Amino acid sequence: MIRVLLAEDQQLVRGALRALLELEEDITVVADVGRGDLVLAAAHEHAPDVAVMDIEMPGCDGIEAARALAAELPQVKAVILTTFGRPGFLRRAMEVGAQGFLVKDSPVAELAAAIRSVVAGERVIDRDLAAAALALGSSPLSAREADVLRAAADGATVADIAGRLFLSEGTVRNYLSNAIGKTGARTRVEAARVAADKGWL
């Protein structure tokens, strides 16, 4: 039997996924959690073969949970299941070691097949997203520009961002100016939104 851990913050979706996967003869759901920061502990406790995780969850997102699994429990294969079919998310998920990336409107049979494939050592990626990720290329933002944009997303002032990131206000302005230029946005909040939509943050 393939042992699966589910991480999904919407209880109805999590319950439906569990029920549908349990119908597969060779798959059993050994645990489910509603927060990203509970994934690692649940994986240690229940020893799943595969962790199927949403991207957007409280605590930490599915990509960070996949990173933690790859570092501590590399034998647990991570499959990201998301509503957000953004190429940048796919690229980030692959960079942290996720073996699968599917959108939530995929049929359950496709998810079950993906689970079997990653257990067999293969990578499974939504075909349309893979094509879009190749077309988009990697993020043009430096790590620091991305940090500054994340801090700016809620409308924080330059002084607030500088204090939060231990940078001078002039340095923050430079990073913001570069990031705005690279995203083609008009304001820092718009630049943060564009970068988030592309999965660069």
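In this predicted model, helix α2 (residues 39-46) has four buried residues to start from: Val-39, Leu-40, Ala-42 and Ala-43. Around the helix axis they span an arc of only 165 degrees, so they sit on the same side of α2. The elements that these buried residues pack against are the strands β1 (2-7), β2 (27-33) and β3 (50-53), together with helix α3 (62-72). After α2 comes Ala-47, which has a positive phi, near 50 degrees.

The side chains of Arg-18 and Asp-32 meet at 2.3 Å, N to O. Because Arg-18 belongs to helix α1 (residues 11-22) and Asp-32 to strand β2, this pair ties together parts that are 14 residues apart in sequence. How accessible are the two partners, Arg-18 and Asp-32? Arg-18 is partly exposed, its relative accessible area being 26%, and Asp-32 is likewise partly exposed, at 28% relative accessibility.

The count of salt bridges in the model is 13, taking a side-chain nitrogen of Lys or Arg within 4 Å of a carboxyl oxygen of Asp or Glu as the criterion. Another of them lies within helix α7 (residues 143-152), where Arg-144 and Asp-147 are 3 residues apart and therefore separated by about one helical turn. Their side chains meet at 3.4 Å, N to O. Arg-144 is partly exposed with a relative accessible area of 30%, and Asp-147 is partly exposed with 28%.

The next region to follow is the pair of helices α8 (residues 158-165) and α9 (residues 169-183). They pack at an angle of about 105 degrees, and their axes are 9 Å apart. Angles of 65 to 115 degrees count as roughly perpendicular, so α8 is roughly perpendicular to α9. On the α8 side the contact is made by Val-158, Ala-159, Ile-161 and Ala-162, and on the α9 side by Glu-169, Val-172, Arg-173 and Leu-176. Sorted by class, the contact comprises 6 nonpolar and 2 charged residues, with no polar ones.

Two residues of this contact, Glu-169 and Arg-173, also form a salt bridge with each other, at 3.6 Å from N to O. They are 4 residues apart in helix α9, which means that about one helical turn separates them. Both are partly exposed: the relative accessible area is 36% for Glu-169 and 46% for Arg-173.

Notes
Residues numbered from 1 in each chain as written. Predicted model: local features only at pLDDT ≥ 70, side-chain atom pairs only at ≥ 80, totals over all residues. Heavy atoms only, no water. Axes fitted to C-alpha atoms, helices over the stretch in contact; angles between N-to-C directions. Parallel < 35°, antiparallel > 145°, perpendicular 65-115°, else oblique. Contact = heavy atoms within 4.5 Å. Nonpolar A, V, L, I, M, F, W, Y, C, P; charged D, E, K, R; others polar. Buried < 20%, exposed > 50% of the residue type's maximum accessible area, 1.4 Å probe, protein only. Arc of directions from axis to C-beta.
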